[in-house]
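Hi there,

Here is the structure I promised to pass on to you.

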Amino acid sequence: MRAADEDRFREFARDNALALRRYGYLLCGDWQLAEDLVQATLYKLYGAWPRIRGTDRPMSYARRTLTRCWLDERRRPWRRSEHHTDALPEVADGAADPAVLRQRAGLSAALAAALAELAPRQRAVLVLRYFCDLPVAETARELRCSESTVRSQATRALKTLRGRYPVDSGFLAESEL
């Protein structure tokens with residue numbers, strides 16, 4: 001890669017890493033997995049940067065790549081090797097992480113938990129449509145599905161959330177979704 005392209009990539013990664021991490025968290029509900037997804041996404045973007053740099057929307061490509069990485073991760077849980085032990089490790093205080101504090105601004109823990117209960121495709125649609133403010137057409141393009149699929153998935157997801165957490169219960173305000 002040429003030095004100018006590498007500089008542009010580094011600038012893109014620096015400027016968008018936090019937004020991608022927040023997007024990853026909204027999809028998976030785990031900050032560490034979100035960081036792993038961002039790292040995998042940036043790795044893939046680096047390899048494709050000569051093709052991407054000519055486009056006017058590298059962030060769209062990055063979100064699409066991160067979404068695919070997350071869906072692949074969900075489909076292949078056996079790729080993670082965990083060792084079970086009798087003793088539990090110490091739990092890190094995620095609330096003390098400044099990056100976590102900045103990214104949680106505007107997102108209630110209850111809403112994050114509610115998103116985690118949705119099916120992966122429905123969650124991806126809601127996050128892209130309502131948190132990333134993408135129109136239906138662009139959401140469909142990023143998820144590689146039809147616009148009617150985006151609308152139906154969004155409708156089902158909102159119906160599920162409203163069924164579990166009625167608006168009048170105070171859990172989800174209309175403004176949050």
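This is a predicted model: local features need pLDDT of at least 70, side-chain atom pairs count only at pLDDT 80 or more; totals for chains, interfaces and linings use all residues.

Residues are numbered from 1 along each chain as its sequence is written, and side-chain values use heavy atoms, with hydrogens and water left out.

The helix is α8, residues 147-164; helices here are DSSP runs of H or I with at least four residues, and strands are E runs of at least two, numbered from the N terminus. The expected span is 1.5 Å times one less than the number of residues.

Val150, Gln153, Ala154, Ala157, Leu158 and Leu161 of α8 are buried. Seen down the helix axis, these buried residues fall within an arc of 130 degrees, so they line one face of α8; the arc is taken from the directions from the axis to the C-beta atoms. Thr155, Lys159 and Gly163, on the other side of α8, are exposed. Buried means under 20% relative accessible area, exposed over 50%, and partly exposed in between (1.4 Å probe, protein chains only).

Now the loops. Asp133 sits between α6 (120-131) and α7 (136-143), and its phi is near 55 degrees, a positive value in a residue other than glycine. Asp133 is exposed, with a relative accessible area of 62%. In the loop between α7 and α8 you will find Arg144, where phi is also near 55 degrees. Arg144 counts as exposed at 65% relative accessibility.

Best wishes
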